[in-house]
Amino acid sequence: MKKFLSFLSGLLFAATSLIAQTTVFQEDFEPPSNDNNVLPTGTTNFAINTRLFVSGTQCDTAFVGTSGTSYLTTLPFSTVGYTNVLLNFSHICKIEFSDTAKIEVSVDGGVTWTKLKNEYLGIAQFSTQSYRFSANAYPEWLVNTNDAKPQQSWWRNELFDISAIAAGQ
């Protein structure tokens, strides 16, 4: 099954305290990093896309073939000293309904992974879709039109409270 989050941009991990918010990790796919903070793996073709963007002029994009699997993984970072940790990102997940785009967190360098479920704080059809994203998550993504090209207006911001998993890690 495909594990894929298409057009992931504006990846942002934010650790917050009671008074202020501190960004611990951020990737926006703009120079100078151009996604050097993420590791694409699996049978896929990740690339920088300039047709769609959130806050700059670029985003990350990928094509996963039939029966393919793809992962987009950040480099490790620390949340030691933080009790509240949020995962926030903008995306367009235009994949077929039967495909899977799940969000996972690892606190042991990728040895084990926790699939995010009830940590979701957004408005997408996420929990009702087996805790995953697909073209069915938002009506704008045209679930019944597989060849529809994503539009700039399709960007959606997602928020997960991963404090119970990643705080102090």
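## The polar contacts of R156

The side chains of R156 and E140 are joined by a polar contact of 2.5 Å. The model is a predicted one, and R156 belongs to its strand 10, which covers residues 156–161. A polar atom of the R156 side chain also lies 3.2 Å from the backbone oxygen of S153.

R156 has a relative accessibility of 18% and therefore counts as buried, the limit being under 20%. Apart from neighbours within four places in sequence, R156 is in contact with F89, S90, H91, Y138, E140 and W141.

## R156 and the ring of Y138

One of the residues in contact with R156 is Y138. R156 lies over the face of the Y138 ring, at 5.4 Å from the ring centre.

## Aromatic pairs

Across the whole structure, a search finds 10 aromatic pairs. In the pair of F25 and F77, the ring centres are 5.0 Å apart and the planes meet at 15°, so this pair is stacked; the stacked class takes planes under 30 degrees apart.

F25 is part of strand 2 (residues 21–27), while F77 sits in the loop between strand 6 (70–74) and strand 7 (84–91), so the pair ties together parts that are 52 residues apart in sequence. The two residues have these accessibilities: F25 is buried, with a relative accessible area of 9%, and F77 is partly exposed, with a relative accessible area of 29%.

Y120 and F126 form another aromatic pair, which is tilted, with 4.6 Å from centre to centre and 40° between the planes. Both Y120 and F126 are buried.

## A cluster of rings

Y120 and F126 also belong to a cluster, in which ring pairs link them with F89, Y131, F133 and F160.

## Confidence in the model

The protein chain has an average pLDDT of 82, and 87% of the residues score at least 70. Over residues 1–19, pLDDT stays under 50. For this stretch the model has 100 contacts beyond four places in sequence.

Technical notes:
Residues numbered from 1 in each chain as written. Predicted model: local features only at pLDDT ≥ 70, side-chain atom pairs only at ≥ 80, totals over all residues. Heavy atoms only, no water. pLDDT = per-residue confidence, 0-100. Contact = heavy atoms within 4.5 Å. Phe/Tyr/Trp six-rings, centres within 6.5 Å; stacked < 30°, edge-to-face > 60°. Helix = DSSP H or I, 4+ residues; strand = E, 2+ residues; numbered from the N terminus. Buried < 20%, exposed > 50% of the residue type's maximum accessible area, 1.4 Å probe, protein only. Lys NZ or Arg CZ within 6 Å of the ring centre and 35° of its normal. Polar contact = N/O pair within 3.5 Å; in protein donor to acceptor, adjacent residues only side chain to side chain.
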